[in-house]
Amino acid sequence: MKTVKKIIASEKKNLGPKQFVMSPLPNQWVGQISPFIMLDHFGPQHIPAGEPFFVPPHPHRGFVPVTILFDGEVEHKDSVGNIGRIKGGDVQWMTAGSGVVHSEGAPESFSKTGGVLHLIQLWINLPAAHKMTAPSYQEIKSDSIPVLKEGRSQVRVIAGKYKDLQGPAKTFSPLSLLHISIPEGEEVTIEVEKGFNASYYLTKGETIIDDYEVPAQHLVWLSDEGTNITVKAIRDSELLFMAGEPINEPLVSYGPFVMNSKTEIIQAIHDYENGLMGTL
Ligand code: MN
């Protein structure tokens, strides 16, 4: 059995005067749980009618920004020419690779009526060998995500393998990403591949793991030892389970760029400023 290595409370990160995310990773104690480098949890928040929710064009290089949408609608446009729109239950899996400029936010129709927005943005690192891969965009619709029912609980396999199911996300290092729902009083046992870093973030509810009571908006980092973990829900709970082979390479990040050295960061800034990541 795996045990708890650390329980990390989210910190509030302001996006603007009215909007914020809860963020457990990175924080002052944990720089990364490789290959997972950042987790931002937005909402659930009611966006009033007429209030835009939009992140203007910005670049990324060297990693994979993933948006897991639980509620609402999000639109994506990028310099490669991709346009996508996802709804609650869908996932946007973008490999920034050598560089891309994109905008993201609620579509106009959503802003007109307003509504509840609830999502996680997760940054997954790329191994050095793949940091300069061509950018790609994968829109994963809810009905293409395999679901395993375990009693009244369910496990949605977004990436990697879980039991006999294979998630649709295209990955560049071995990892798995699961969206798990556990009703009050139920429990789920998850098997983790040997050598993988494993953690889970609770978006809703309260769970017991290794005798610790863990409330929502907390990240649980699991021990390296052991292969199984049982999560019990004290209340109806939703969690994002992340496991992956650690990328044991230097990590240097600066804003929207995640590379292996300072020189590569300076190059990324230079390339972006010279329009090599495209424009929108
Ligand atoms: Mn972005």
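1. Let's start with one histidine: His58 is buried, with a relative accessible area of 16%, which falls under the 20% cut-off for that word. Please keep in mind that this is a predicted model.

2. What does His58 do here? Together with His60, His102 and Glu104, His58 coordinates the manganese ion, at 2.2 to 2.3 Å. Because His58 lies in strand β5 (residues 54-60) and His102 in strand β10 (residues 100-105), the pair ties together parts that are 44 residues apart in sequence. His102 is buried too, at 1% relative accessibility.

3. The largest nonpolar core has 30 residues, and Ile68, Trp93, Leu122 and Leu177 touch the most other members. Strand β6 (residues 63-71) supplies the largest share of this core, four residues. Leaving aside neighbours within four places in sequence, Ile68 is in contact with several residues, including Val91, Ile120, Leu122 and Leu240. A second, separate core holds 24 residues, among them Leu202, Val220, Ala233 and Phe241.

4. Strand β19 (residues 197-209) deserves a moment as well. Here 11 of the 13 residues are buried, so β19 is largely enclosed by the rest of the structure.

5. Which strands pair with β19? Strand β22 (residues 228-244) runs antiparallel to β19, joined by 10 bridges, and Glu206 stands opposite Arg235. Strand β21 (residues 218-222) is also antiparallel, over three bridges, with Val220 as the bridge partner of Tyr200. Four bridges join β19 to antiparallel strand β20 (residues 212-215), where Thr207 stands opposite Val214.

6. Finally, check the hairpin of β19 and β20: two residues sit between the strands, and Asp210 takes a positive phi near 50°.

Notes. Residues are numbered from 1 along each chain as its sequence is written. This is a predicted model: local features need pLDDT of at least 70, side-chain atom pairs count only at pLDDT 80 or more; totals for chains, interfaces and linings use all residues. Side-chain values use heavy atoms; hydrogens and water are left out. Donors are N, O and S atoms within 2.8 Å of the metal (3.2 Å for Na, K and Ca); water is not among the atoms, so sites may look incomplete. Buried means under 20% relative accessible area, exposed over 50%, partly exposed in between (1.4 Å probe, protein chains only). A nonpolar core is a set of buried Ala, Val, Leu, Ile, Met, Phe, Trp, Tyr and Cys residues joined through side-chain atoms within 4.5 Å. Contact means heavy atoms within 4.5 Å. Two strands pair if DSSP finds at least two bridges between them.
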